[in-house]
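Hi,

Here is the structure I promised to pass along. Have a look first, and then read on for what turned up in it.

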Amino acid sequence: MAFINLLAVVLVYIGLGLLFYALFLLGYRATLHPLSKYPGPLVARLTDIYSLYYAASKRLHLAIWQNHLDFAQDIYNNERLSKSRAYLVAMQAPGVHSIFDVIDRQLHRKKRKVIGQALTQRAMRDFEPIIIEQTTVFLKKIYDVSRVTPYCPINMTPACRYLGADIVSLLAFGQALNTQTSSENRFLVEGLGAGSFFQNMRIQYPKLARLRLSSLLDLFTNIRNKRAKAKELIEKLITTHIAEGVDAKHDLYSIVAGQIDTKGNGNIRHSEFWTESLFFLPAGGDTTSTCLATLFFYLSRNPVCYKKLSEEIRSTFTSGSEIRDGPQLRSCEYLRACIDEALRIASPVPSVLWREAVLTATEKGDIVVDGHVIPRGTQVGVSLYSLHHNPDYFPDPFTYKPERWFADASETQSSTMREAFNPFSLGSRACAGKAMAYMEISVLIGRTLWYFDFKAAQGAEGQLGAGKEGDKTGRGRTSEFQIYDVFSSMHDGPNLLFSSRKETIGEILEGGCRIVPHEWPSQATR
Ligand code: HEM
C-alpha cells in the first residue's frame with residue numbers, strides 16, 4: 001500500500017514537472033523566442049502540430065495563404081540555405097538519398113548532373129514520340145466514350161493522372177503501366193498519392209517519424225498497405241528492365257545506369273535508383289496531371305478563353321500531327337498564357353518548401369530573409385500557392401485570367417508578377433522537369449482542342465472540383481478548382497462532355513480506333 005502511495009506521489013510530481021515544463025516552453029515560444037515577434041496564428045508559434053493539423057486536412061496551402069508574407073527570393077536564391085532536415089523523412093532506404101531528399105549541396109549537384117541528363121531538351125526530343133503515343137491513347141479513349149454513350153461525362157482527374165503515370169513510367173524505366181486502358185495497375189497511382197500524403201504529414205511534423213507515430217496513422221488510413229503494393233509493382237518494373245539490359249530502351253534507367261547504384265548490394269530497394277524512382281513517378285506524373293485537370297476546369301467554364309485558345313490552335317496548324325514540340329507550338333502565346341495561369345491558380349506543388357541554414361560552425365554571419373535575421377536551426381519556406389495568390393503581385397488572384405500575362409500593366413507591375421511566378425520553384429533546387437512538363441501539357445491541350453470540343457457536364461455533375469458555397473474552411477469560392485495539399489496536389493473533376501470535330505477526327509482514327517471499355521471512374525478517389 002505504502003509503495004502504491006509512493007508511486008502515486010512520484011507520478012503526480014512527474015506529471016506536475018511535465019506540466020510546468022510544457023507551460024514554460026509554451027510561454028517562452030509565445031513571448032521570448034526570437035521568432036515570437038513574427039505575425040501569425042498563436043498556435044503556430046507554440047507547436048508544429050499546427051502544420052500537422054493542416055497537413056492532415058490537406059489545407060496547409062490555404063492556411064498559409066491567410067498568413068502570407070513574401071520571402072521567396074531571399075530563401076530560394078540564398079546559397080546559405082539548403083533543403084531542411086524535414087526532407088530526410090522522405091528517404092526510402094537507410095543512407096541512400098534521392099535528388100528530392102538530399103540536403104548536402106555537393107551531393108545534390110552531383111545527382112542533379114546525372115538525373116538532369118534524362119530531362120534535357122535533347123533527351124525530351126528523343127522521348128517526344130512516347131508522349132505523343134500516350135496522348136493518342138488518351139484522345140482515342142475520349143473518342144470512344146463520347147461516341148459510345150452520347151451523355152457520358154468524363155472525370156478529367158483520373159483521366160489525366162493515368163496519362164501522367166503512363167508517360168512517366170515509360171520515361172523512368174521504359175515499362176508501360178497501361179493505366180489509361182486497363183485497371184490492373186491503377187492501384188499504383190493511388191498508392192503513390194497515399195505515399196505523398198503520408199510523407200507530407202511527416203515533413204510538416206517530423207516527430208511523427210522520430211516517435212514512430214506513423215504506425216498510428218496507418219491504423220486510420222491503411223496507407224502502409226497501399227504503399228507496399230505500389231512498391232512491389234515498382235520493384236517488378238525495375239527488375240524486368242534490368243533483365244532486358246541497359247540499352248534496351250531510351251529512358252532514365254538507361255541514362256543513369258553506370259553513374260548511380262542500381263543494384264543495392266543485391267537488394268534493389270537499397271539502391272540509389274530505387275529511391276530516385278520512388279520520387280520520379282509522383283514528381284513527373286501527379287504534377288503535370290494537376291496542371292491539365294486545372295486547364296480543363298477553367299477552359300470549360302470560361303467561354304472567352306476557350307474560344308481564343310481553340311482559334312489559336314486551329315489557325316496555327318493544318319493537321320493534328322503537326323502539334324508537337326517546336327517553333328510552331330511555342331509561337332502559341334495564348335496557349336502558354338493559359339498554361340501559366342493554370343500553374344499559378346492551382347499549384348501542382350502547393351506545400352511549404354522548407355529550407356534551413358547550412359552554415360558550418362566556423363562560417364560567420366547571419367541568415368537574413370527580407371531584412372529579418374533568422375536564428376540558426378530555424379526552418380523557413382514559402383507556399384507557392386500562397387505566393388501565387390498574393391493580390392499585390394496578381395491582382396484579383398482567384399480569377400482565371402490568361403490575359404494578365406499580356407496585360408498592358410506598367411512594366412514594374414508586369415516584372416514583379418513574373419518574378420513572383422515560380423510554380424517550378426527557383427534556385428538550385430528548382431524543378432528539373434520543367435521543359436518536359438511544358439511540352440507534355442502543350443501537346444495534350446493542343447491536340448485535344450484540335451480533335452474535340454468540350455464543355456462542363458450539366459447540373460451537380462458539372463460542379464465536381466469546384467468550391468462549395470458557404471464553406472468556412474477556405475473552400476467557399478465556387479469558381480475555384482479545389483486542390484488538396486499533400487505536398488503535390490490531389491483533386492477531383494472536372495466532369496466534361498466531349499464531342500469530336502468531324503473535320504479533323506478522322507486523322508487519329510487512321511489505323512483503326514480500338515474501342516476500349518469505358519473504365520474511367522466518374523469519381524476520383526482523393
Ligand atoms: C507542371 C509540372 C511540374 C511542376 C509544377 C513541378 C514543380 C516542382 C517543384 C516546385 C520542385 C521543387 C520541390 C522542392 O523544393 O522540394 C520540383 C522538383 C523536381 N521536379 Fe518537378 N514539377 C513538375 C514536373 C516535373 C516533371 C515532369 C519531372 C520529371 C519527369 C520533374 C522532376 C523534378 C525533379 C527531378 C525535381 C528535384 C530537383 C532538385 O532537387 O534538384 N518535375 N518540381
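Predicted model: local features only at pLDDT ≥ 70, side-chain atom pairs only at ≥ 80, totals over all residues.

Arg355 places a polar side-chain atom 2.9 Å from a ligand oxygen, and for Lys83 the corresponding distance to an oxygen atom of the ligand is 3.0 Å.

Zooming out, the ligand is surrounded by 30 residues, with Tyr87, His108, Arg112, Arg355 and Cys431 the closest. By type, that shell splits into 20 nonpolar, 6 polar and 4 charged residues. Helices H6 (105-116) and H14 (272-301) each put at least two residues into it. Which helix gives the largest share of the shell? That is H14, with 6 residues.

Now to a pair of helices away from that list. H7 runs over residues 121-148, so you can find it quickly by number. Its 28 residues span 39 Å from first C-alpha to last, close to the 40 Å expected at 1.5 Å a residue. Even so, H7 has a kink of about 45° at Phe127, shortly before the proline Pro129.

H8 (residues 156-173) has 18 residues and covers 26 Å between its end C-alpha atoms, close to the expected 26 Å. Is H8 enclosed or open to the outside? Since 18 of its 18 residues are buried, H8 is largely enclosed by the rest of the structure. Both of its ends are worth a click. At the start, a side-chain oxygen of Asn155 comes within 3.0 Å of the backbone nitrogen of Thr157. Just past the other end, Gly174 adopts a positive phi of about 60°.

Last stop: Pro397, in the loop between helix H18 (384-387) and helix H19 (411-420). What is Pro397 in contact with, leaving aside its neighbours within four places in sequence? The list is Arg344, Ile345, His388, His389, Pro391 and Arg404. As for Leu384, 13 residues away along the chain, its C-alpha is 13 Å from that of Pro397.

Cheers

Definitions and conventions: Residues numbered from 1 in each chain as written. Heavy atoms only, no water. Helix = DSSP H or I, 4+ residues; strand = E, 2+ residues; numbered from the N terminus. Expected span 1.5 Å × (residues − 1). Buried < 20%, exposed > 50% of the residue type's maximum accessible area, 1.4 Å probe, protein only. Polar contact = N/O pair within 3.5 Å; in protein donor to acceptor, adjacent residues only side chain to side chain. Bend = angle between axes of the 7 residues up to and from the residue. Contact = heavy atoms within 4.5 Å. Near = heavy atom within 4 Å. Nonpolar A, V, L, I, M, F, W, Y, C, P; charged D, E, K, R; others polar.
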